[in-house]
Amino acid sequence: MTNSLAKLIFIFSLLLTSCAAQKGKKTTVEIINNLPDGTTLTAHCKSGDNDLGVQNITTIWRFSFVPSFLRNTLFFCSFAWPGQSKYFDIYVQTRDEDKCSFCAWRISPNGPCRFNGNTGSFDICYPWNPST
């Protein structure tokens with residue numbers, strides 16, 4: 001019985017150590033304006049806990065955060081430029097956590113494309129969220 005309890009305590013302590021190590025690991029999202037002719041991209045990104053405010057992006061804007069241990073972190077953004085307004089979930093922990101800790105996105109009229117470390121280009125593209 002004592003041997004089993006010792007094993008259980010050891011496994012539990014390994015789990016706690018692993019969780020503590022993950023707790024401080026930051027993720028950075030980079031948003032790159034890829035609109036034509038120097039058009040300013042207006043972005044407003046939020047999570048359930050954070051409103052990052054309105055950003056007027058002429059080239060690049062970044063933000064960082066620590067993803068949730070529960071794997072439920074979500075940052076969603078509205079993007080606007082003259083004549084257009086779009087929405088996209090810029091960071092979905094279950095989609096992105098294992099793919100990037102520095103998640104670079106190019107925002108174009110056709111949609112957002114994430115940088116692919118395997119190919120060295122922005123070829124992981126998604127459609128805009130449906131309009132609500």
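This is a predicted model: local features need pLDDT of at least 70, side-chain atom pairs count only at pLDDT 80 or more; totals for chains, interfaces and linings use all residues.
Entry 1: Tyr-87. I began with the accessibility scale: buried means under 20% relative accessible area, exposed means over 50%, and partly exposed lies in between. Tyr-87 has a relative accessible area of 40%, so I recorded Tyr-87 as partly exposed. I placed Tyr-87 in strand β6. Setting aside residues up to four places away in sequence, I found that Tyr-87 touches Cys-77, Ser-78, Trp-128 and Asn-129. I also checked Tyr-87 against Pro-130, which is 43 residues away along the chain, and found their C-alpha atoms separated by 7.6 Å.

Entry 2: the chain overall. I then turned to the secondary structure, which comes to 2 helices and 9 strands. Read along the sequence, I noted the pattern α-β-β-β-β-β-β-α-β-β-β. The chain has 132 residues, and 33% of them count as buried. I took the contacts between residues at least 6 apart in sequence and found that 51% of these join residues at least 24 apart.

Entry 3: disulfides. How many disulfides does a search of the whole structure find? I recorded 3 disulfides. With bonded cysteines counted along the chain, I wrote their pattern as 1-2, 3-4, 5-6.

I took Cys-45 and Cys-77 as one of these pairs; their sulfur atoms lie 2.0 Å apart. I read 105 degrees about the S-S bond of Cys-45 and Cys-77, a right-handed link. This pair links distant parts of the chain, with Cys-45 in strand β2 (residues 41–46) and Cys-77 in strand β5 (residues 74–81), 32 residues apart. Are these two cysteines buried or exposed? Cys-45 has a relative accessible area of 0% and is therefore buried. Cys-77 has a relative accessible area of 1%, so I recorded Cys-77 as buried.

I next examined Cys-100 and Cys-103, which form a disulfide with sulfur atoms 2.0 Å apart. The link of Cys-100 and Cys-103 is right-handed, with 95 degrees about the S-S bond. Cys-100 stands at 11% relative accessibility and so counts as buried. Cys-103 is buried, with a relative accessible area of 0%.

I then looked at Cys-113 and Cys-125, joined by a disulfide with an S to S distance of 2.0 Å. Cys-113 is buried, with a relative accessible area of 14%. Cys-125 stands at 45% relative accessibility, so I recorded Cys-125 as partly exposed.

Entry 4: the largest nonpolar core. In soluble globular proteins, nonpolar side chains tend to be buried together. I counted 22 residues in the largest nonpolar core, and Val-29, Ile-31, Leu-41, Phe-63, Phe-79, Ile-90 and Ile-107 touch the most other members. At least two residues of this core come from each of β1 (27–33), β2, β4 (60–65), β5, β6 (84–92) and β7 (102–108). I noted that β5 gives the most to this core, with 4 residues.

Which residues is Phe-63 in contact with, leaving aside its neighbours within four places in sequence? I listed Thr-27, Thr-28, Val-29, Ile-31, Cys-45, Leu-52, Phe-75 and Ile-90.

Entry 5: the second largest pocket. I noted about 170 Å³ of space in the second largest pocket. Its lining consists of Ser-47, Gly-48, Asp-49, Asn-50, Phe-65, Val-66, Pro-67, Ser-68, Asn-72, Thr-73, Leu-74 and Phe-75. I divided the lining residues into 5 nonpolar, 6 polar and 1 charged.

Entry 6: positive phi. I looked up Asp-37, which is not a glycine and yet has a positive phi of about 55 degrees. I found Asp-37 in the loop between β1 and β2. With a relative accessible area of 81%, Asp-37 is exposed.

I also looked up Arg-71, which has a positive phi of about 60 degrees although Arg-71 is not a glycine. Arg-71 lies in the loop between β4 and β5. With a relative accessible area of 34%, Arg-71 is partly exposed.

Definitions and conventions: Residues are numbered from 1 along each chain as its sequence is written. Side-chain values use heavy atoms; hydrogens and water are left out. A disulfide is a pair of cysteine sulfur atoms within 2.5 Å. Buried means under 20% relative accessible area, exposed over 50%, partly exposed in between (1.4 Å probe, protein chains only). On a 1 Å grid over the protein atoms alone, a cavity is a set of points where a 1.4 Å probe fits but cannot get out, and a pocket is an open set with protein on both sides within 12 Å along at least five of seven lines; lining residues have an atom within 4 Å of a point. Grid points are joined across faces, edges and corners, and a volume is the space filled by probe spheres set on the points. Ala, Val, Leu, Ile, Met, Phe, Trp, Tyr, Cys and Pro count as nonpolar, Asp, Glu, Lys and Arg as charged, and the others, Gly among them, as polar. A nonpolar core is a set of buried Ala, Val, Leu, Ile, Met, Phe, Trp, Tyr and Cys residues joined through side-chain atoms within 4.5 Å. Contact means heavy atoms within 4.5 Å.
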